[in-house]
Every structure is written in structure tokens, then in C-alpha cells.
Amino acid sequence: MVAICEFARAVRLDRRANPGRAGDGTALELLLAPRFQTLIENLLGQRIALPPRVLPEYRKGGIGRPDIAFAQQGQRARSFIELKQPDTSLAPNRLRGHDADQFRRFGELPLWGFCNFHSIRLYRRGDMQEQAVILPAAALDPATSDAQADRLIRRHDPTPFLDILESLALAPPPALRDPQEVADAVARAARLIRRIVADQCRAGAPAMLADVRAEFRETLFAHAAAGGYDTSDEDALFANAFAQTLAFGLLLAREAGAQDVDRDAYRILPSGAYPLLRATLRALTQDEILEVLAAGFDVILDTVNAVDPALLAPRAGTDPILYFYEDFLSVFDPEAKKRHGVFFTPVPVVRFMVSATERALRDTLATQGFLDPAVLLLDPACGTGTFLIAAAVTAAEGARASWGEGSVGNEIAALGSRLHGFELLVGPYTVAHYRLLREMKAHGATPAQRLPIYLADTLAAPTEAIGITPHLGFMAVPIVQERRDADTLKRDTPIIAIIGNPPYRRLDEGEEKAITSGWDNGFWDDLKSPVREAGWGGELNTFPDLYIAFWRWSLWKLFESEGAPRRGVVCLITNRTFLAGHPYAGLRRMLRRRFESIEIVDLRGDSRGARPAGIEADENVFAIQAGVCIVTAVATGAARPAGTEAQVRYADAWRHDAFTAHDKRMLLDEARVDRAKLSFVDIDRRDLEDFVPKAFAGLNWPALPELFGFMKSGSKSQRDDLVYGFSAPQVLTGVRLFLSAPEAEAREVFFPRTGTYILDRRFRVGYNGGIGASRHVDRSYRPDLSRRRSRPSLFRGAALA
């Protein structure tokens, strides 16, 4: 009681001596914080034999720093208290502005107290555990006499407060018991980092943080949009990548060094094995950056050092690393997981595709599959490395079955240098390195050299790192070397297996030009030319898409690059739109001419597409609207007679009664083990024709072009009621009404959607003198209608404002 009475007396004296320190409350908090620190130290000294250090973080300030931190001897801070002035309510729903933002930010802390000097609430992240009254609020009121305040305090039981204080002081390190808890804890720590960085950027980034942000924006993920990532909020994109890179960079350092990590964790990473990651982790842990991260860095270090690597080791036929990032993302950013599910391929899909690739390598290309020293595999949009990890798992199973357990370590160590990947963003890139290293070590393998996963834009032509200007000097050499190594892989390395899930997104005109500008071999246009030559050029507006670009790049890599083997297998899961339709005919022709066999597993899942009668929904294996398919295309490199085309075989998920996402994944799991579970049909079509069965041969309704003898791309007049009619007199009547209408009314008729254009009166007068039957022509208005239309040329006299 004595310590609390002395604290209250000191607070009253301070408030009497400084009556003007109110304002937004910050000044009053700073005035009273030292008194509260002394109180805590006195109380803990009476209750705990070896009390923790009570750190006065209020002296430093900063977005990422609560006012008081508790650090046990020889350890970093593990619990915290955020202080508010005595008049502030602790109820979250009553907080506004700065206080509300701060509460949301500190709501990511594992254990913390929220206190207004007379009351305190104990939180585990955002969940309140306990609350207590420290002393009656009146005892801190400067108008209360000393005697009266002492009586109020003596009548009050402080035990609940002392219990909360002890919980904070003796906070244990995270107890992580299984892979899901590891993923959850790391994700929550990364979420705290993300919030601190994002808030600091929006409030005004200090110089060093601004330099790191510029490094990320201009070099480490300079082409994020090309990968389908949302770039509308660059600070959010940076904070997200920063947090993931720091979290998995620290995990990677701990894994690589087999020791706890600290602020110099980057030094643990061998410069030869992880040159860019080492430099990036160094950038994220500079002294000036750690001042910004403050408590966030304490929390993430404590979490990473609590991870037992044995928890992530394969056991009982399951491999936690395959699911680790999905579990991480479910907590770190559940909305992104839902929104960008296309980037995170379901494990059954991955396993099926890896199995199909392995089978093609063995059965058709006469190799030893992934264990063959000549088999080099590439994921051109590797994300967090799931396909590469699954390939390692398959190779380990194969080595174990063929040569026994003792062979696995050496085989996987050798395989590490043959598993290649490109990734655009440094966050997933870091995760991929960590996950693949963890997978290899789980099989007793240590990479002999760096893992060939590169931070690069796959679709960019090799440029030898021209135009790279790092903001941080120590980043220059590793960034340039990374790009040069990536260009060498693109240009010279004889990859014979390409596998992955490239992004799907329609490209606007500027993006399309950016992708094709660096190529001088007809890249891209050679897919459009056959469509134009067939008379379908007007339909190419739907053609430009990222996944089409990845298909074209894969063909270039396998058949046209300087080191092209001109044989191999490509296995991609993409949007299924290219299976049919004129815009994609050029791609189908190229695939037929380059490969000997093409197998398609059509998983469908178009949210807006047609369905068989009686089927309520056709679910996607991803959380996206566009249907998808898996294509495995194989080329043996053997000479073929001119005009020979690939055998195309097609399996339809609908034919297997698979309409739910669960059923489709189960189908793939079963087909991975027993190929006969998939029923394929031969596609009896050639050249530019579709990759799906002909009308009525499958479950699809026939396409309209197959039913009508005439088809032509339409034109949009934007004013059909004015220019179209079922007869010439009907059109003439409408035009005369338009010409005689007041200016405002005529403008609304002529430009009904925008109303932002000015109608040229001279045009109206000129047209008025020339109307007649000769000025009108017949037009196909709908497939089943024919109408008269006023000639389009007559409406080009409108002047634009």
C-alpha cells in the first residue's frame, strides 16, 4: 500500500504543478510515466526474487514502441504496457484517432497492458484477459487531499492489479507445440511488423526507412503488377513484403546457422549461398530501422527463436512445410489468401502436376525423373516454392524406394541445384528459399551452393542488369549479380521441365507493350498473326492475359532460347479460356506444332459459366471466378514429318461427377496414384481448332459459331434507338425528331451515356439536307434480326469538347 500511496501523492503533486499539461494527453502521459515506472519497480521488487528490467520506452517514442517494456535478465522485451492519461477511457469502442490507431497496432502484441494510471486491462493480442483497478481514480485527482487519497487507497484491494503485473513481468517465451502454432505465431509477429511499418510510412517515413522503401519499390519488386499483385497502395505492398521478408529471413538465418538469431542475423547467412537475401536482411535490421520497429522486432525475434525446427520435419507421411505458408497466410492476411487464392495452389493440385511431370520425364523422355542429373526443372512464377518443394518430396520418395534411406540425403543435396525458380516479390522469394532449405534439411541434405531461386521478372527479356540503381550501397553487388544469374538461367540453361501456376490477369494496352517491348523474335505477335490471317483479328481484344504470356515464354524457353533443349515437358495450371475460341487459336496452333502429346485436365469452375442440368454450382479449386485447367505438354525432340501435330487428349471433371472443389481435389489425388481414374478422350481437331470435344461430343453446349453459318464482330453505335430501325421510314422518323429537338435534348439522345460532348450544329444542319432512303443500309442487328441502319459515316461529324 505504501508504494501505491507514494505513487498517488507524486502524481497529484505533478498535476498541481503542471495544470496546463493536458492537450491531447501526450504531455501528461510523459509527465506521469516515470512515476508509474517507479511504482512497478517497487511492487515487483517486493513480489519477485529476480524481477525483470522495467524499460522506460516512453523516453524514446515512436509508432512501434509502447511506453513500458518488461525484459527478463539476458532476454529481450516480451511484454509491454501502453499508458494513457487518467481521463482516457480504456474501452476500445470509445477510442478515437491516434488512440484507436495505437490500440489496433498494439493489439498484435502477444502480451500487453492498457493503462490510464488508475486502471489496467491485460490483453493477449486483441483479446482482453483480465482487468483491474490500480487505485481509485479520485486518488490521482489534484483536488483530492493527501489524507483523503490515502484513505481511498487503503480501502481498495490491489491484488488483481498485482496479479496482472506479475503476469506481465514473468511472461514466458512462446510455447509452440505443432506446425500450425508455429505458423500462427510467426504470422502474428509479422502482422505486428507490417502494421508498424505501414503506419510509419503513412505518418512520414524516416530517411533510412524511406531508402529501404525505395529499394523495395524500384529494384526488389519493380514489376509487382506484372505478377498480378495489387499495387494501388504502395505503402501497404511495401509493409507486407517487409514483414514477410523479415520473418522468413530470420527463420532462414536460424535454420542455416542452427542457432538463435539477433539483430545481426544477416551475418549468419553465407554470402555465397544467399547473397541477395543476406543484403536484404541487413537492410531490414539497420539500427535506424530497428528504432522504428521497436517492440515489433523484440516480438518477432522472440517468436523465431522459440521455433523448434523438429516441429517442421516430415513425419507420418505428411510434410508440414507444404502447408506452412498457407497456414501462415491464413493468419497474416486472410483476405489476401481469399482474394489471391490463384497464387497459392492447393496441395492436391501441386502433387498431381508434379506426378504428371515426373511420369512424362520417365515414360516419354526416358530419364530417371527428378533424380536424373540431366533433368533441370523451373517454376517461372514460383511464389513461395510449393512446386519445387513437392518435386523434392517426390524425388526423396523415389530415392528411398530405389536405393534405400541412406541415399536420400545425397540425392536431395544434388537435386537442390537443379530446382530453379523465378519470383517477382522479395517476400514470397524469401519464403521460397526458407521452405526449400527446410525441406532439404529435413531429408538430411545441405545445399552445396546457393539455391537457384531468383528475384526476377520472368517475362522481361535478358538485359544483363542494365538500369539497376540501388539506393543502399551494400545492395548493389548482390542485386546486379542476382539479375545476371537470372538472365543466364533464362538464356542459356537447358531447362527440360517447366511447371507452375502463373498469374492470370487481363493486360491493358500499356502492359501488353511493356511485356513484348524487349523481345525481337516475334514474341507474342506470332500468336496473334494466325488469328488475323484467319479473319478473326477483331476478336483479339480478349487475348492479352498474363497466363498467355507465360505460355509463350515457356515455349520460348524450351524451343527458342540459346540453350533451348528443344525437348521436355511443360505442365501449367491456368485460366481455361484458351481451350476454345478464336482469340487463342494461334497459341493452340503453336502448342500442336511444338509438342507430340498434350493432355488436358479441365477442372472448369467458371463462376458465370453454364452448368449441366440439375447442377447448382460448379466450384473452382481456387478462390477465383475464372475456370482453370491443367495442361501437360511433352516434346521428345525427335524429328517429325512436316505437318505432324500433337495428339491432344482431354479429361473433363464434369465427366467424373466432380463439381465441388473438394471432389475435384479428391479426383486429382486419386489420379495421382492411379492414372486410370481419369478418363481421357481424343480431340479430333487440328491446327487452329479448339482443344475441347466438338459440339455435342462432350457436356458442353455447342458454341454459337458452330450453329450459325454467318458471324461477324458487331459495332457499337452507343445510340441504337436513333440509328437502328426495322424499316427505312422508322429510321427516318427518328432522325427527323432528333434534328428538330432542342440542343440539350439532342445532345442527350446523341450521347446518352456521358452527356459530356458538344454536338456540332453544322453537322445537324448538313445532315438535315441529306436524309433519304439512299442514306440507309441493311445490318444484322442480332443473330435472328435484320434492321435498317443510318450509315455510320454520317455520324462522324460530331465535334468532341
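This is a predicted model: local features need pLDDT of at least 70, side-chain atom pairs count only at pLDDT 80 or more; totals for chains, interfaces and linings use all residues.
Local features were considered at pLDDT of at least 70 and side-chain atom pairs only at pLDDT 80 or more, whereas totals for chains, interfaces and linings use all residues. Residues are numbered from 1 along each chain as its sequence is written, and side-chain values use heavy atoms, without hydrogens and water.

Helices (H or I, at least four residues) and strands (E, at least two) are DSSP runs numbered from the N terminus. The axes of α6 (residues 179-204) and α11 (residues 295-305) come within 9 Å and cross at roughly 165°; axes are lines fitted to C-alpha atoms, for helices over the stretch in contact, with angles from 0 to 180 degrees between N-to-C directions. Helix α6 is therefore roughly antiparallel to α11 (an angle over 145 degrees). Contacts (heavy atoms within 4.5 Å) link residues of α6, including Ala185, Leu192 and Ile196, with residues of α11, among them Phe297, Val299 and Ile300.

Strands β5 (residues 119-124) and β6 (residues 127-133) run antiparallel and are joined by 6 bridges; strands pair if DSSP finds at least two bridges between them. Arg124 has Asp127 in β6 as its bridge partner. The two strands form a hairpin with 2 residues between them, and Arg125 in the turn has a positive phi of about 55°.

Strands β10 (residues 497-500) and β11 (residues 568-575) pair in the parallel sense over 4 bridges, and Ile498 has Val570 in β11 as its bridge partner.

Definitions and conventions. Angles under 35 degrees count as roughly parallel, over 145 as roughly antiparallel, 65 to 115 as roughly perpendicular and the rest as oblique.
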